[in-house]
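Please examine the model displayed below. The paragraphs that follow treat helix packing, a loop residue, aromatic rings and backbone geometry in turn.

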Amino acid sequence: MLNIMQEMNQSADHTPMESTGEGSEAAKTDPTYERIRHLAAGNAVVVFTVSGCCMCHVVKQLLFGLGVGPTVVELDRHKAGGKIHDVLRQLAGDEGRQAVPAVFVAGKFLGGIENVMACHINGTLVPLLKDAGALWL
């Protein structure tokens, strides 16, 4: 696994992270948002989780089962976990969606468990992962 602490502390020079959630414009100027954006842009798949979260476990197992090796950031074990969680809440929107798990594919916010499972069921997840370079099948 790559050194998440090093990745999270580097500056960002990539294109803006796209989101399927609403997210606020204020969040997009936050240094924590920039850290998330940089990490998401630099890895094919990034999953933000909380240890002990059953839905986070499900998403990770689905990705591992498909042959994907995502970059996993456990927020409760990360020094900036609280700030990252706040930004993820804003990206998820205020529609009662959970902030974790939060999955990014090819630098874009795919969403949480509902979106990932919907993509898996409708057959769009594997092509998305292939296009991101996370699968070589």
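Helix 2 and helix 4 are roughly perpendicular to each other, a class that covers angles of 65 to 115 degrees, whereas those under 35 count as roughly parallel, those over 145 as roughly antiparallel and the rest as oblique. Two packed helices are described by the angle between their axes and the distance between the axes. Here helix 2 (residues 31–41) and helix 4 (residues 81–92) pack at about 80°, and their axes are 9 Å apart. The axes are lines fitted to C-alpha atoms, for helices over the stretch in contact, with angles from 0 to 180 degrees between N-to-C directions. From helix 2, Thr 32, Tyr 33 and Ile 36 meet Lys 83, Ile 84, Val 87, Leu 88 and Leu 91 of helix 4; contact means heavy atoms within 4.5 Å. The residues of this contact comprise six nonpolar, one polar and one charged, where Ala, Val, Leu, Ile, Met, Phe, Trp, Tyr, Cys and Pro count as nonpolar, Asp, Glu, Lys and Arg as charged, and the others, Gly among them, as polar.

The model is predicted: local features need pLDDT of at least 70, side-chain atom pairs count only at pLDDT 80 or more, and totals for chains, interfaces and linings use all residues. Residues are numbered from 1 along each chain as its sequence is written, and side-chain values use heavy atoms, with hydrogens and water left out.

The protein chain has six helices and five strands, in the order α-β-α-β-α-β-α-β-β-α-α from the N terminus. Helices (H or I, at least four residues) and strands (E, at least two) are DSSP runs, numbered from the N terminus. Of the 137 residues, 45% count as buried; buried means under 20% relative accessible area, exposed over 50%, and partly exposed in between (1.4 Å probe, protein chains only). Among contacts with a separation of 6 or more, 67% join residues 24 or more positions apart.

Leu 75 is placed in the loop between strand 3 (71–74) and helix 4. With a relative accessible area of 5%, Leu 75 is buried. Apart from neighbours within four places in sequence, its contacts include Ile 84 and Leu 88, as well as Phe 48 and Val 100. Thr 49 lies 26 residues from Leu 75 in sequence, yet their C-alpha atoms are 6.0 Å apart.

How many aromatic pairs does the structure hold? There are two, rings of Phe, Tyr and Trp (its six-membered ring) being paired if their centres lie within 6.5 Å, with planes under 30 degrees apart counted as stacked, over 60 as edge-to-face and the rest as tilted. Phe 48 and Phe 104 are edge-to-face, because their ring centres are 5.7 Å apart and their planes stand at 80°. Since Phe 48 belongs to strand 2 (residues 45–49) and Phe 104 to strand 4 (residues 102–105), the pair ties together parts that are 56 residues apart in sequence. Phe 104 also forms a tilted pair with Phe 109, at 5.1 Å centre to centre and 45° between the planes. Both Phe 104 and Phe 109 are buried, and Phe 48 is buried at 0% relative accessible area. Phe 48, Phe 104 and Phe 109 form one aromatic cluster.

Two backbone features remain. Val 100 and Pro 101 are joined by a cis peptide bond, with omega about 0°; Pro 101 is in the loop between helix 4 and strand 4. In the loop between strand 4 and strand 5 (108–111) lies Ala 106, which has a positive phi of about 55° although it is not a glycine. Ala 106 counts as partly exposed, at 47% relative accessibility.
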